[in-house]
Amino acid sequence: MSASTNSSLTEEHRVQQIELLTSTNDEHGGVIVEMDEPMDSATFVSLLRASISHWKQLGKKGVWIKLPIHLVSLVEALVKEGFWYHHAEPKYLMLVYWIPDTTNTIPANATHRVGVGALIVNEKREVLVVQEKSGHFQGSGAWKFPTGVVDQGEDICVAAVREVKEETGVDSEFVEVLAFRQSHMSFFEKSDLFFVCLMRPLSSDIQIQELEIEAAQWMPFDEYAAQPFMEKYELLKCVNDIYLAKIDGRYSGFTPVSTTSKFSERKNYLYLNAESLKRRKSL
């Protein structure tokens, strides 16, 4: 047996004798390490190097290390070993490392934030509108429909109902997505998906969210659409045109249909043009 072979076996035996970081396999040939127990940097680096050597022998690719906030002292050690930030949440930082000498195929962090706007119109053709205490329209005197950001794990149709309730106290029912817009370099350089949702009111009394909302009221649609600031915002003008086409029966948006997926036991929604689908099935 050659010296190089003996050396290789000795190295493999040495790695097997050293304690390794606890890990689980991901679905793409990598490993995930969820740190929890406190340790000093020197001990951690020793375990990390031995673990990477072991994973390399196994042909692993990406290494994900989830570092809880109470182990923040280990960040510098990880960065010095070649790891980089992938994403962060309030309670942890995720760092990644690519083992093989090939092109890195670790996916980028989430690229989009999702927002909703609720166009809620009553039987008198009045729009529920608000004036905000912060944001782009602060102090402008502009009346706009309620908007907000979809929470993690929250469906678009649920988020729209929640935002209306939180900002105005009005209960509502989701009808359909009228349209959506994609924009870029929006929130900390992330892209943005904004869904305009048509809503039906289930109550009328208004109780504003004091922290964010200056005022709220029911405003005749024509008065709402005639506000001078509308001329500056093509998106809002388009939404108004879409709504008018909707009530004239010339437009149909996307309604949520509950579906299942092999990726999750939880119900999810497919948004589709139900009216067109009904017409097709009736042919």
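## A tour of pockets and rings

The second largest pocket holds about 510 Å³ of space. This model is predicted: local features need pLDDT of at least 70 and side-chain atom pairs count only at pLDDT 80 or more, whereas totals for chains, interfaces and linings use all residues. Residues are numbered from 1 along each chain as its sequence is written, and side-chain values use heavy atoms, with hydrogens and water left out.

**First stop.** Select E89, N109, A110, H112 and Q152, which are the closest to the centre of the second largest pocket among the 16 residues that line it. A pocket is found on a 1 Å grid over the protein atoms alone, as an open set of points where a 1.4 Å probe fits, with protein on both sides within 12 Å along at least five of seven lines; a lining residue has an atom within 4 Å of a point. The volume is the space filled by probe spheres set on the points, which are joined across faces, edges and corners. Next, colour β4 (84-89) and β6, the elements that give two or more residues to this lining. Strands are DSSP runs of E with at least two residues, and helices are runs of H or I with at least four, numbered from the N terminus.

**Second stop.** Move to the largest pocket, with a volume of about 760 Å³. Of its 26 lining residues, select E132, F137, K144, T147 and F194, the closest to its centre. Then show β6 (112-120), which supplies the largest share of the lining, four residues. Helices α4 (156-168) and α6 (234-247) are among the elements that each supply at least two residues.

**Third stop.** The structure holds 10 aromatic pairs, where rings of Phe, Tyr and Trp (its six-membered ring) pair if their centres lie within 6.5 Å. Now select F221 and Y224, whose ring centres are 6.1 Å apart with planes at 50 degrees, so the pair is tilted (under 30 degrees counts as stacked, over 60 as edge-to-face, and the rest as tilted). Both residues lie in helix α5 (residues 221-225), three residues apart, about one turn of the helix. F221 and Y224 are both buried (under 20% relative accessible area, with a 1.4 Å probe and protein chains only).

**Last stop.** Select K66 and Y92: K66 lies over the face of Y92, at 4.5 Å from the ring centre. A charge sits over a ring if NZ of Lys or CZ of Arg is within 6 Å of the ring centre and within 35 degrees of the ring normal. Finally, select R113 and F187, where the charged end of R113 sits over the ring, 4.2 Å from its centre.

Definitions and conventions:
Buried < 20%, exposed > 50% of the residue type's maximum accessible area, 1.4 Å probe, protein only.
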